Amino acid sequence: MRDAVMLLDRDPQVVGMACRPVEFVWEEGGRVVTHAPDLAVALADGTMHLVDCLGRGGASGRLAGRARVVEACAREVGWEHRFAAAADPVVTANVRWLSGYRHPRCSVGISPTRLRRAFPAPTALGAGALRLGDPIATLPAVYHQLWHGLLSMDWARPLNEETLVTARPAGRRRGAEQ
């Protein structure tokens, strides 16, 4: 669930999230059954999704049965239910690392214009950070803008000094590469 939350946190369409906000209770075969989806996610378009996070093994028969009931209930109120599959381990590692650079304090001193100039075309992360100055001082700003989408990379490749990074044109939002 932690990995799903990190990936959703980076998604520009997600405007709100809550952990286990509702519990469904029903009777089935003479016994009471309960299920609380892992997450509720509000999207910018106004839709609400209830999300069950799956591990590497996928959905068990028990979870799949409960999900059918939750899906029917969600549909009745105009929501959707979905499963979040286990994320690719490389993408997860990249997101986990860069999530530590979300805070605005990480971008202090380097303007978006300077960052765009350092990465005008696919440029190795280390070389671009060096163009900006001392990499110890500039890498936090580079990581911050990778997280926020001013800079882009191939998230399916391990992040290192050779990772190719490119600046997005001014005004263009991230989201397509996820």
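Y143 is buried in this predicted model, with a relative accessible area of 10%. The ring of Y143 forms an aromatic pair with W97, one of the 3 aromatic pairs that the structure holds. The geometry of this pair is edge-to-face, with 6.0 Å from centre to centre and 85° between the planes. The pair links distant parts of the chain, since W97 lies in helix α3, residues 89-99, whereas Y143 lies in helix α6, residues 135-148, and 46 residues separate them.

At the start of α3, a side-chain oxygen of D88 reaches to within 2.8 Å of the backbone nitrogen of V90.

We turn next to strand β5 and its partners. Strand β5, residues 48-53, is joined to strand β6, residues 80-84, by 5 bridges, and these two strands run parallel. On its other pairing, β5 is joined by 4 bridges to strand β4, residues 39-43, and here the strands run antiparallel. The residue L50 illustrates both pairings, for its bridge partner in β6 is H81, while A40 stands opposite L50 in the pairing of β4 with β5. Strands β4 and β5 form a hairpin with 4 residues between them, and in the turn G46 has a positive phi of about 95°. Helix α2, residues 61-76, takes part with β5 and β6 in a right-handed β-α-β unit. Strand β5 is mostly covered, as 5 of its 6 residues are buried.

Which side chain makes a polar contact with that of D52? It is the side chain of H35, and the contact has a length of 3.0 Å. H35 lies in strand β3, residues 31-35, and is itself buried, with a relative accessible area of 10%. When neighbours within four places in sequence are left aside, H35 is in contact with V22, E23, F24, W26, D52, L63, R66 and V70.

A separate sheet is built from 3 strands, which form an open arrangement in the order β7-β9-β8 with antiparallel pairing. Strands β7, residues 123-124, and β8 stand at the edges with a single partner strand each, so one side of each is left without a neighbour in the sheet. Strand β9, residues 164-167, pairs with β8 over 2 bridges in the antiparallel sense, and in this pairing S152 has T166 of β9 as its bridge partner.

The residue L150 lies in the loop between α6 and β8, the latter being residues 151-152. L150 is buried, with a relative accessible area of 12%. Leaving aside neighbours within four places in sequence, L150 is in contact with P112, L115, R116, Q145, T166, A167 and R168; among them, T166 is the bridge partner of S152.

| Residue | Relative accessible area | Class |
|---|---|---|
| H35 | 10% | buried |
| Y143 | 10% | buried |
| L150 | 12% | buried |

Note on methods:
Residues are numbered from 1 along each chain as its sequence is written. This is a predicted model: local features need pLDDT of at least 70, side-chain atom pairs count only at pLDDT 80 or more; totals for chains, interfaces and linings use all residues. Side-chain values use heavy atoms; hydrogens and water are left out. Two strands pair if DSSP finds at least two bridges between them. A crossover is right-handed if, with the strands pointing away from the viewer, the path from the first strand over the helix to the second runs clockwise. Buried means under 20% relative accessible area, exposed over 50%, partly exposed in between (1.4 Å probe, protein chains only). A polar contact is a pair of N or O atoms within 3.5 Å; within protein, one must be able to donate a hydrogen and the other to accept it, and residues adjacent in sequence count only if both atoms are side-chain atoms. Contact means heavy atoms within 4.5 Å. Rings of Phe, Tyr and Trp (its six-membered ring) pair if their centres lie within 6.5 Å; planes under 30 degrees apart count as stacked, over 60 as edge-to-face and the rest as tilted.
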